[in-house]
Amino acid sequence: MNENQKIPGEKIAQIEEYLPGDNTFEDDESIRATTIGEINLDSSERLASVNSQTQITVPKIGDIIIGVVEANLPSMIAIMIKYVNGKKVVADLECICVTRHIRKKNIALAKDVVKVEIISHINGTIHASIDSQELGVLFTKCRKCFGTVVKMRDAVKCKDCGWIDDRKLSLDFGKSDFITQN
Ligand SMILES: [Zn+2]
């Protein structure tokens, strides 16, 4: 995020210097942003506004995320958000999913496509859950040979080398045809 990009609530100007413009509100002596976006200080009109064209949609609690696993750590996975409620996201936004309570060796591997639900925002970090049945891995590959895998009960089996591995699979595993990883 560059320094011209403001987050909701952040002060963008003083009320004696500027008037509140688009996507802003007055708070005592200050003008503050109501959305994430690029600040625009128009000195001829004396208008302070936040450009909504560069607005980033921050997922809300309850939103369903489809994303790509960036990192697979012992107690959590980090996910790059690609879709929010089915809509493609252009900005780079990450969420964290705590997995230490799930009794599986491999919840999801790096580069897996997963479906998670947003549960909270804490200190600027977006937290998601992968617990319920429809949530989990949508797409994965063999850990040994990167071959295509098929579902076997709650595990996956490689069609090429026969390796069986566990994952926290989504009920929708194997159903999705939207996947083009990029
Ligand atoms: Zn394999």
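Reply: Gladly; we will take the terms in turn and set each value against its definition.

This is a predicted model, in which local features need pLDDT of at least 70 and side-chain atom pairs count only at pLDDT 80 or more, while totals for chains, interfaces and linings use all residues. Residues are numbered from 1 along each chain as its sequence is written.

Me: Why is A13 called buried?

Reply: A residue is buried if 20 or more other C-beta atoms, placed from the backbone, lie within 10 Å of its own, exposed if 12 or fewer, and partly exposed in between. A13 has 21 C-beta neighbours inside 10 Å, so A13 counts as buried.

Me: Where is A13 placed, and which residues is A13 in contact with, leaving aside its neighbours within four places in sequence?

Reply: A13 belongs to strand β2 (residues 11-14); strands (E, at least two residues) and helices (H or I, at least four) are DSSP runs, numbered from the N terminus. Apart from those sequence neighbours, A13 is in contact with Y18, I31, L41 and A48, contact being C-beta atoms, placed from the backbone, within 7 Å. As for V58, 45 residues away along the chain, its C-alpha atom is separated from that of A13 by 23 Å.

Me: What makes β6 and β7 a pair?

Reply: Two strands pair if DSSP finds at least two bridges between them. Strand β7 (residues 47-51) is joined to β6 by 5 bridges, and the two run antiparallel. I39 stands opposite V50 in β7. In their hairpin, with 4 residues between the strands, R46 takes a positive phi near 55°.

Me: How do you know that β1 and β6 pair too?

Reply: There are 2 bridges between strand β1 (residues 5-6) and strand β6 (residues 37-42), which run antiparallel, and the definition asks for at least two. Here Q5 faces E38 in β6.

Me: Why are β15 and β17 said to stand at the edges of their sheet?

Reply: The open sheet has 3 strands in the order β15-β16-β17, paired antiparallel. β15 (149-152) and β17 (164-166) each have a single partner strand, so one side of each is left without a neighbour in the sheet. Between β15 and strand β16 (residues 155-158) there are 4 bridges, and K151 has V156 as its bridge partner in β16.

Me: What makes this a protein of two domains, and how far apart are their C-alpha centres?

Reply: The bounds come from an automatic or database domain assignment, which gives domain 1 (5-54) and domain 2 (64-166). Their C-alpha centres lie 38 Å apart.

Key:
Contact = placed C-beta atoms within 7 Å.
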